[in-house]
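Here's a quick tour of a protein model with a ligand in it. Have a look at the fold first, and then we'll walk through the pieces.

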Amino acid sequence: MKYLDEFSDPDLARKLLDQIHAATTQKWAMMEVCGGQTHSIIRHAIDQLLPPELELIHGPGCPVCVTPLEVIDRALAIAARPGVIFCSFGDMLRVPGSSQDLFAVKSAGGDVRVVYSPLDALRLARENPDKEVVFFGIGFETTAPANAMTVYQAERLGVHNFSLLVSHVLVPPAIAAIMESSTCRVQAFLAAGHVCSVMGTAEYPPLARKYKVPIVVTGFEPLDILEGIRRTVVQLEAGRHEMENAYPRAVRDEGNVPAMEMLRDVFAVTDRTWRGIGTIPLSGWKLAAKYREFDAEERFDVTGIRTAESGLCRSGEVLQGLIKPHECAAFGKECTPRNPLGATMVSSEGACAAYYTYRRLELVDAK
Ligand code: SF4
């Protein structure tokens, strides 16, 4: 497939791997921030081809995984109400809340629909003026522009039966929180290329300087990831800690300026709880005051729902890079993609699901 096969070329991959092996003289631990990168690393066994001194820690960048349980429970409560059409991307339907998931609500008669864009939900609202249409707007800076545009359009078109259940999270405050943690082992970051394609790179040099960590903006194909790792190792071995852009075909330093203007108009920065990690100050977006009428939490009065996490699932430790998925006792036994105990087993970007799907069950047998 043109434009993708080029970035999986085995000869070029071999050359990059040789350079990484030649450059590595000691142990280093680096975190790939994005779940898409984790998926690609495990799928292509990149971690198994690296020098044994290099450890890849799988970061918290899977949007489904870090959406807090109480937000899932609020989604379930709204979706179960009569007169509501609840719209979501498909990967949220099987994320377990405290007692059920959106599939269960749908099978019990709730009008839960999978859409491919928040604009589809807005169209449904215009076609069903007697219904309340809600879109489940979660994710990082990547999915936020489309959600912002939809709310902006709803306001402009006067579609008052549309609302957004919003739980957006931001990468730079998460990097700061990881580095401030007393258990942090991370010495460098592969930053998420698609986030930077929206937001640019300006937020990363201050983080690299403050925490003395290289931050290399990295893409998602095998050669992208190997090049990001190569550049990171070169910096670590040289004692440098700079932001580098290893994904220039998609990322410009200034980002997507019109998208950022839309985000600034529609959203306001807020404290946000990350599933498995806890509350990180100023790490998310909520709807700005002037768009509050489109806030589903306010409209359906579900802000009071509070939920405690199960004690069995260790996805919080997985998301912080403290354990690998196969080190959880439930991995591949009580917890599988068919019967997930935690969100990191549900999403295809979740580290537990990636380990399960791409043959890491053998690691359990070897324990
Ligand atoms: S394997 Fe399942 S139970 Fe264990 S951390 Fe992952 S999602 Fe949670």
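How do the residues of the shell around the ligand divide into nonpolar, polar and charged?

## Around the ligand

They split into 11 nonpolar, three polar and one charged. Keep in mind that this is a predicted model. In total, 15 residues surround the ligand, and the closest are Cys313, Cys328, Cys335, Gly342 and Cys352. Helix H15 (315–319) and helix H16 (343–346) are the elements that give two or more residues to that shell.

## The nonpolar core

Now for the largest nonpolar core, which has 107 residues. The members that touch the most other members are Met30, Ala75, Ala79, Val134, Phe189, Ala191 and Ile215. Helix H5 (residues 69–79) is the top contributor, giving seven residues to this core. Both domain 1 (1–314) and domain 2 (315–361) supply at least three residues each.

Zooming in on Ala79: leaving out residues up to four places away in sequence, Ala79 touches Val84, Phe86, Leu102, Val105, Gly110 and Val112.

## The overall fold

Stepping back, the chain has 18 helices and 11 strands. Its C-alpha trace spans about 65 × 45 × 45 Å along the principal axes. The radius of gyration is 21 Å, which agrees with a compact globule, because a globule of 367 residues would come out near 21 Å.

Buried residues account for 49% of the 367 residues in the chain. As for contacts between residues at least 6 apart in sequence, 77% join residues at least 24 apart.

Conventions. Residues are numbered from 1 along each chain as its sequence is written. This is a predicted model: local features need pLDDT of at least 70, side-chain atom pairs count only at pLDDT 80 or more; totals for chains, interfaces and linings use all residues. Helices (H or I, at least four residues) and strands (E, at least two) are DSSP runs, numbered from the N terminus. The radius of gyration is taken over C-alpha atoms; the globule rule is 2.2 Å times the number of residues to the power 0.38. A residue is buried if 20 or more other C-beta atoms lie within 10 Å of its own, exposed if 12 or fewer, and partly exposed in between; C-beta atoms are placed from the backbone. Two residues are in contact if their C-beta atoms, placed from the backbone, lie within 7 Å. A residue is near a molecule or strand if its C-beta atom, placed from the backbone, lies within 6 Å of it. Ala, Val, Leu, Ile, Met, Phe, Trp, Tyr, Cys and Pro count as nonpolar, Asp, Glu, Lys and Arg as charged, and the others, Gly among them, as polar. A nonpolar core is a set of buried Ala, Val, Leu, Ile, Met, Phe, Trp, Tyr and Cys residues joined through C-beta atoms within 7 Å. Domain bounds come from an automatic or database domain assignment.
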